Amino acid sequence: MPALPPLPDASEWTDAPAWPVFLSAVPIAFARRHRLLGVTGPEGRPLLLCDRDGDSDALDAVRRKVGPVPRHPVDPALLSGAIDRAYGEQAAETSGAAAAAIAAVDARPATVAGAAAAIEDLLDATGRAPVVTLVNALLFEAVRLEASDVHLQPTYAASGQADGGRTAVRLRCDGVLFDAFDLPGAAHDELVSRFKIIGGMDIAEKQLPQDGRASVRLGERPIDLRLSVVPTQHGERVVVRLLDKDALRHGLDELGMPGQTRARFDALIRREHGLLLVTGPTGSGKSTTLYGALQRIDSKRLNVLTLEDPIEYRLPGISQMQVATQRGMSFAKGLRSVLRQDPDIVMVGEIRDRETAELAIQAALTGHLVFSTLHTNDAASAVTRLVDLGVEPYLVASALLGVMAQRLVRRVCPDCARPAPDDPVAQLGAATETADRPQVGAGCDACRHTGYRGRVGLFELMPVSAGLREEIGRGVSSDALKRTALATGMKTLRDDGVAKVRRGETTAEEVLRVTTSLSDEDPAALLPPAY
C-alpha cells in the first residue's frame with residue numbers, strides 16, 4: 001500500500017468521517033470493547049483508529065473482515081466518543097433504521113418478541129429480531145429528535161374492520177405531538193409485548209393498565225424510560241416518557257427568565273426558610289426551573305434533599321429520593337423521613353394532597369427552605385389551591401415566600417427565521433414599538449418545516465409582600481390577590497410573552513396558545529380604575 005501523508009493530530013482523526021465498511025462489518029459492542037474505529041483517511045483511504053495499548057488479536061480479527069488497513073493510536077477518551085458518534089450517525093442516515101425495521105416487520109410472519117437485555121444499547125442492532133430492532137430504532141429516533149414522549153396508538157380503518165388496521169407512532173417534540181411513523185397493525189401486539197418486556201410488565205395481562213420503568217443506553221449515554229400501557233377498544237396503547245438523566249441541564253440564566261424576575265427569584269431561593277412554589281400544567285417546565293434553582297445552591301455548605309417522582313436529572317452533591325407509591329413511599333411519608341435528615345433545603349416534587357401540603361407548610365415554618373410544585377393556572381391561584389387542600393389561610397400567609405407560574409412556548413427556528421409579515425404584537429393587545437423585531441420561521445429541515453426549534457419559558461413571579469401576606473391571611477380571592485400583585489409591579493405570563501415576541505424569540509400564536517385560557521382580556525383590566 002502506498003505511503004500515507006503525515007498524520008494530523010488525534011483530535012482531527014476522531015472527527016474524520018467514519019468508514020462505512022467498518023461500521024457494517026464490526027458491531028458497536030466489539031468496537032467499544034476493543035476501542036477500534038475505521039475512518040476515512042487522506043484521499044479517501046481507510047484508517048483504523050485504536051487505543052495505544054490496542055489488543056493485537058482484535059486488530060487481526062477486524063483486518064480479516066475489512067482487509068489490511070493501517071492503524072493509528074489515539075487517546076482512548078476521544079476514541080470512545082467518536083465510536084458513539086459514528087454508529088449514531090449511521091443509524092440516523094437517510095430514511096433511518098426505523099424505516100428499514102418497519103419494512104422488515106411488515107414482510108415477515110409474526111414471532112414472539114425476544115427477552116430484553118438488562119440495559120439495552122439502542123445503537124447495537126447486531127443479531128436482533130426484527131421487532132426488537134424496530135423498537136430500538138423508534139427509541140433511537142425519539143432520542144435523536146429530543147422527543148419527550150413516544151406514543152404507540154392502534155387505529156382501525158374507516159370501515160371499522162380489523163383488516164387494514166395500522167399503528168401510529170407519534171412523538172412529542174417541543175411540547176407538540178406529530179405523526180412520525182405508520183406501522184403495520186399485524187405487528188402491534190408484538191410491539192406492545194416488546195415494550196412490556198423492556199418495562200418489566202406482564203405480557204399476558206391485556207385487560208388492565210400497567211406501568212413500568214427501564215433504562216437503555218445510547219452509546220455511553222443513559223436514558224431512563226417510564227412506560228404506561230392501557231387497554232383501548234382497538235388494542236393496547238403505549239406511552240413512553242424519555243428521561244435523559246445526564247442531559248445538559250439549564251441554569252436560570254438559560255431558561256428565558258427576564259432579568260428582573262430572575263433577580264427576584266434568586267433572592268427568594270437564598271432565604272433561610274419558607275415555601276417557594278412553581279406552578280403550571282404538566283409539561284410546563286416546573287421541574288426544570290427547580291433544578292435550575294438547586295444548581296445555584298451551595299450543596300457543600302447546606303444539606304439539600306429532594307423527593308421526586310420520577311428523578312429526572314442527577315444533581316451532584318444533592319441527595320435525591322424516588323417516590324414509590326406502590327411500596328408505600330408517598331410524598332407525605334417520604335417528606336416525614338426527609339425532615340429527620342437535618343435538611344436545610346427540601347425539594348418536594350409535587351404537592352398533591354392535604355397531608356403533603358401541611359407537612360410542607362410546617363417544614364417551612366420550622367426553619368427549612370421548601371421548594372415544590374402545584375398544578376394551577378397562574379401564581380395567585382396557588383394560594384387558593386393550598387386553602388382548598390385544607391391548609392389554614394394564616395399558615396399559608398406565614399410560610400409562603402413566593403409563587404412562580406410558568407409556561408413553555410416554542411422558539412422561532414434560528415435557521416429559517418425571517419421578519420414577521422404582520423403585526424404580531426398587536427394580536428396580543430399590546431402597543432407596537434419601533435424597536436420591536438418580531439420574527440417567524442419559514443420552515444426548514446432543521447425544524448422539520450415547523451418554523452420552531454427548542455422552547456423558552458414564560459414566567460410570572462409573585463413574591464409575597466406584606467400587603468399580599470395580609471390579604472392571604474384574610475382569605476381573599478385569587479383575583480383580588482392578582483390585582484394587588486399587579487399593582488406592586490408583577491409581570492404576567494402574557495406580559496412576558498409580549499416581550500419575547502418583540503425580541504423575535506417566539507410568535508404571537510405560541511403566546512396565545514398557552515395564555516388564552518388564563519384570561520380573555522388584558523391582565524391590566526384586573527387593576528382598579530384608579531391605578
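Two strands pair if DSSP finds at least two bridges between them. Helices (H or I, at least four residues) and strands (E, at least two) are DSSP runs, numbered from the N terminus. The model is predicted: local features need pLDDT of at least 70, side-chain atom pairs count only at pLDDT 80 or more, and totals for chains, interfaces and linings use all residues. Residues are numbered from 1 along each chain as its sequence is written, and side-chain values use heavy atoms, with hydrogens and water left out.

Start with strand β2 (residues 46-51). Four bridges join β2 to β3, and the two strands run parallel. Leu48 stands opposite Arg71 in β3. Strand β3 covers residues 71-74, and its side chains alternate. His72 and Val74 point to one face and are buried, that is, under 20% relative accessible area, where exposed is over 50% and partly exposed lies in between (1.4 Å probe, protein chains only).

Now the helices. The axes of α7 (residues 130-144) and α8 (residues 188-199) come within 10 Å and cross at roughly 70 degrees. Axes here are lines fitted to C-alpha atoms, for helices over the stretch in contact, and angles run from 0 to 180 degrees between N-to-C directions. α7 and α8 are therefore roughly perpendicular to each other; that class spans 65 to 115 degrees, with under 35 roughly parallel, over 145 roughly antiparallel and the rest oblique. Val131, Val132, Leu134, Val135 and Leu139 in α7 meet Glu190, Leu191, Arg194, Phe195 and Ile198 in α8. Contact means heavy atoms within 4.5 Å.

Next comes Ala364, in helix α12 (residues 354-365). Ala364 counts as buried because its relative accessibility is 2%. Gly274 is 90 residues away in sequence, yet its C-alpha is 4.3 Å from that of Ala364. Neighbours within four places aside, Ala364 is in contact with His273, Gly274, Leu275, Val370 and Ala399.

Helix α13 (residues 381-388) has Ser381, Ala382, Val383 and Leu386 buried. Gly390 follows α13, with a positive phi near 115 degrees.

Last, the aromatics. The structure holds one aromatic pair. Tyr291 and Tyr313 form it edge-to-face, 5.3 Å centre to centre with 80 degrees between the planes. Rings of Phe, Tyr and Trp (its six-membered ring) pair if their centres lie within 6.5 Å; planes under 30 degrees apart count as stacked, over 60 as edge-to-face and the rest as tilted. The pair links distant parts of the chain, 22 residues apart: Tyr291 in helix α10 (residues 286-295) and Tyr313 in the loop between β12 (304-308) and β13 (319-322). Tyr291 is buried, with a relative accessible area of 2%.
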